[in-house]
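Let's take a walk through this model together. Keep the viewer open as you read.

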Amino acid sequence: MLNRVLTIIPTPAEDLPVGTVLLRRGQAASKALHLLSGRVAFGVIENGEMVHQLGVVEGPFWLEAAATMLGLPHAVDALAESPVTLQAMPLGQFKSHLKNLPEPVHTLMLDLAKAQRQQIEVAVSRLAKDADARFAEWLLRHAEPTDAQGSMAVILRDRKRLIAAQLGIAPETFSRLLKHLRERKLISGGGRVLNLLDPTGLQSLAGI
């Protein structure tokens with residue numbers, strides 16, 4: 001709908017190659033980006049790769065316009081899946097154009113932007129939780145008793161990179177999950193032995 005009601009003022013177009021990161025999660029939306037041509041994927045980028053993809057769009061299309069309209073940081077990363085051509089509109093100019101829309105249309109646009117933002121945040125949150133849940137389940141499945149009192153531990157017999165691949169996550173994500181679970185006092189230890197401090201907590205995290 002935004003493409004129909006908002007006409008971009010001509011600005012120099014920029015051609016960018018495939019693989020260019022166009023938006024980053026958490027960064028403030030300082031300008032509105034209009035994709036004139038090409039294909040762009042939205043999702044979560046880790047270590048330069050799109051590890052979780054939420055969708056793909058083709059130009060003409062406004063990239064993550066909801067963040068720009070609401071004055072919020074970007075909720076997703078955007079990666080060029082093909083050579084792309086973009087036009088940028090300064091943030092103030094973009095918002096000025098929106099305010100010049102008829103009031104019912106302006107209100108509708110903001111409502112749609114808020115709804116889209118909520119959906120994106122939920123989707124990204126579920127991705128993060130899914131990684132935590134998969135890892136917690138993996139730990140419980142590979143746990144071994146270490147003493148007569150019922151203590152449990154996991155011996156990492158494979159390299160962390162291989163384990164990360166089994167879980168469908170990047171190695172950097174695996175390291176972050178380890179740190180996160182240690183901080184929550186669910187596991188302890190390092191190297192190749194991970195002690196399960198709170199199996200019940202891990203079961204809850206895994207949804208078991």
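This is a predicted model: local features need pLDDT of at least 70, side-chain atom pairs count only at pLDDT 80 or more; totals for chains, interfaces and linings use all residues.

Numbering starts from 1 along each chain as its sequence is written, and side-chain values use heavy atoms, with hydrogens and water left out.

Start at helix 5, residues 160–167 (helices are DSSP runs of H or I, at least four residues, and strands are runs of E, at least two, numbered from the N terminus). I163, A164 and L167 are buried here (under 20% relative accessible area, with exposed meaning over 50%, by a 1.4 Å probe on protein chains only). Looking down the axis of helix 5, its buried residues fall within an arc of 100°, so they line one face of the helix (the arc is that of the directions from the helix axis to the C-beta atoms). R161 and A165 are exposed, on the face turned away from that buried side.

Now for the largest nonpolar core, which has 23 residues (a set of buried Ala, Val, Leu, Ile, Met, Phe, Trp, Tyr and Cys residues joined through side-chain atoms within 4.5 Å). F135, W138, L139, F174, L181 and L202 touch the most other members. Helix 4 (103–141) is among the elements that each supply at least two residues, and helix 4 gives the most, with 5.

Finally, strand 4 (residues 39–46) and strand 5 (residues 49–58) run antiparallel, joined by 8 bridges. V44 has H52 in strand 5 as its bridge partner.

Definitions and conventions: Two strands pair if DSSP finds at least two bridges between them.
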